Amino acid sequence: MNSNFRTAMLPGSFDPPTLGHVDIIERSARLYDRLYVVIADNVHKSYLFTPEERLSMLKEILREHENIEVVTHSGLVVDFAKTHKVGVMVRGVRALADFGYEFELAMTNKQLYPGLEVLFLPTSPKYFLLRSSAIKEMAAFGADISSMVPPLVAEIMKQRLKRGAK
Ligand code: ADP
C-alpha cells in the first residue's frame with residue numbers, strides 16, 4: 001500500500017478552535033499514524049486570531065498527542081499534501097448544509113491532486129451545532145461559551161473581548 005495513506009491532514013481555519021474541532025482531530029488521529037492539523041492563513045479572509053495565535057492554542061490543546069503536528073499554511077491545501085506526502089484529507093461534516101460545500105471542495109481538490117483521498121467524518125452528535133463563526137458572535141454578545149470551546153480558548157476569548165471593548 002502507498003505509505004502516504006498512513007498520513008492524513010485536517011485543514012481548517014480554527015478561528016478559534018472548538019470542542020467540535022478537538023473531537024474530529026482526536027478521532028482522525030486514531031485512524032492514522034500521523035496527522036497534520038493545518039491552520040489556514042488566507043490573506044483574503046479576516047480572522048479574529050492571527051495564524052500564530054491559532055497555532056499556539058492548538059499546539060497547547062493537543063500537546064499530549066504524539067502523532068499530531070499543528071502547522072500553519074498559506075497556500076493551497078493540495079500543495080501541502082504533495083510536499084508532506086499526505087495521502088488523505090479529513091473533513092468533518094455537521095449538517096447536510098456542510099455536505100454540499102464539502103463535496104464541491106473535494107471535487108476541486110481531487111481535480112488539482114488526484115492522488116489525494118478525501119474522507120468525510122461525521123460530527124459527534126453533541127458537537128453538531130458547534131461552529132466557530134457562531135461562537136464568536138455569541139461571545140461578542142456576552143454569552144457563556146465555556147461548554148463549546150476548550151478552557152484555554154474560553155479564557156483567551158474573554159481577554160480578547162475585554163480588550164476589544166475598551
Ligand atoms: P468552522 O469555521 O466551520 O468551525 P473550520 O474551517 O475551522 O470550520 O473547520 C476545520 C474542520 O473541522 C472542517 O473539516 C470542519 O468541517 C470541521 N469541523 C468544524 N466544526 C466541527 C464540528 N462541530 N464537528 C465536526 N467537524 C467540525
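This is a predicted model: local features need pLDDT of at least 70, side-chain atom pairs count only at pLDDT 80 or more; totals for chains, interfaces and linings use all residues.
A backbone N or O atom of G92 is found 2.3 Å from an oxygen atom of the ligand, and a polar backbone atom of F14 lies 2.9 Å from a ligand oxygen atom. In the case of H21, a polar side-chain atom is placed 3.0 Å from an oxygen atom of the ligand. On its own, the ligand has 540 Å² of accessible area, and the protein covers 90% of this area.

Helix α4 was examined next. This helix comprises the 17 residues 96-112. At 1.5 Å a residue, α4 should span 24 Å, and the distance of 25 Å between its end C-alpha atoms agrees with this expectation.

The buried residues of α4 are D98, E102, A106 and N109. These residues lie on the same side of α4, because they cover an arc of only 70° around the axis. An α-helix has 3.6 residues a turn, so residues three or four places apart point the same way. The cover over the buried residues of α4 includes helix α3 (77-83) as well as the strands β4 (88-93) and β5 (117-122). On the face turned away from this buried side, α4 carries the exposed residues L96, A97, Y101, E104 and Q111.

Note on methods: Residues are numbered from 1 along each chain as its sequence is written. Side-chain values use heavy atoms; hydrogens and water are left out. Helices (H or I, at least four residues) and strands (E, at least two) are DSSP runs, numbered from the N terminus. The expected span of a helix is 1.5 Å times one less than its number of residues. Buried means under 20% relative accessible area, exposed over 50%, partly exposed in between (1.4 Å probe, protein chains only). The arc is that of the directions from the helix axis to the C-beta atoms. Contact means heavy atoms within 4.5 Å. A polar contact is a pair of N or O atoms within 3.5 Å; within protein, one must be able to donate a hydrogen and the other to accept it, and residues adjacent in sequence count only if both atoms are side-chain atoms. Accessible areas come from the Shrake-Rupley method with a 1.4 Å probe; for residues, only the protein chains shown count as cover.
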